[in-house]
Amino acid sequence: PPPRNRRESKRMFGRSRSPSFSSRGGGGAGFGVGGSANDWVSFAFVFNLLVGAGALAIPRPFAQAGFLLAGPSMCFMAFMSFVTAMYTCEVLIIKAMLEDF
């Protein structure tokens with residue numbers, strides 16, 4: 001059952017209120033001062049993004065759709081991902097060029 005009052009909450013969870021998040025100090029999980037992540041945390045986030053649930057969920061829909069439908073669909077999605085990445089790179093290059101002026 002949920003706690004009925006502050007005293008019972010403190011007894012159950014060890015504190016009377018939720019932790020405060022300030023912008024002065026580092027948080028947790030590898031974040032330093034100012035909220036920047038170190039290289040290993042960044043790697044973990046990118047690895048999770050690429051290999052996460054999306055890559056693990058591909059085989060079953062691929063098998064259900066069959067090679068004639070899933071193959072071209074996969075190629076189209078890969079092409080669209082490539083185009084999106086190129087647009088993102090182009091925007092970053094233009095932004096860097098504009099900051100130099």
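**Close-up views of a predicted model**

Ring pairs link Trp40, Phe43 and Phe47 into a cluster. The model is predicted: local features need pLDDT of at least 70, side-chain atom pairs count only at pLDDT 80 or more, and totals for chains, interfaces and linings use all residues. Residues are numbered from 1 along each chain as its sequence is written, and side-chain values use heavy atoms, with hydrogens and water left out.

**View A. Trp40 and Phe43 form an edge-to-face pair.** The structure holds 3 aromatic pairs. In the pair of Trp40 and Phe43, the ring centres are 6.3 Å apart and the planes stand at 85°, so the pair is edge-to-face. (Rings of Phe, Tyr and Trp, the last by its six-membered ring, pair if their centres lie within 6.5 Å; planes under 30 degrees apart count as stacked, over 60 as edge-to-face and the rest as tilted.) Both residues lie in helix 2 (residues 39-51), 3 residues apart, about one turn of the helix. Helices here are DSSP runs of H or I, at least four residues, numbered from the N terminus. Trp40 is exposed, at 68% relative accessible area. (Buried means under 20%, exposed over 50%, and partly exposed in between, with a 1.4 Å probe and protein chains only.)

**View B. Phe43 also pairs with Phe47.** The ring centres of Phe43 and Phe47 are 6.0 Å apart and their planes are at 25°, so this pair is stacked. Phe43 and Phe47 are 4 residues apart in helix 2, about one turn of the helix. Phe47 is partly exposed, with a relative accessible area of 46%.

**View C. A nonpolar patch lies on the surface.** Its members are Trp40, Phe43, Val46, Phe47, Leu49, Leu50 and Val51. Together they have about 830 Å² of accessible area. (Patches take residues with over 30% relative accessible area and no salt bridge; like charges are joined within 9 Å, nonpolar side chains, namely Val, Leu, Ile, Met, Phe, Trp and Tyr, within 5 Å. Areas come from the Shrake-Rupley method with a 1.4 Å probe; for residues, only the protein chains shown count as cover.) Val51 is found in helix 2.

**View D. Lys95 and Glu99 form a salt bridge.** A search of the whole structure finds 1 salt bridge. (The term means a side-chain nitrogen of Lys or Arg within 4 Å of a carboxyl oxygen of Asp or Glu.) The closest N and O atoms of Lys95 and Glu99 are 2.6 Å apart. Both residues sit in helix 5 (residues 67-100), 4 residues apart, so about one helical turn separates them. Lys95 is partly exposed at 45% relative accessibility, whereas Glu99 is exposed at 55%.

Note on methods:
Helices (H or I, at least four residues) and strands (E, at least two) are DSSP runs, numbered from the N terminus.
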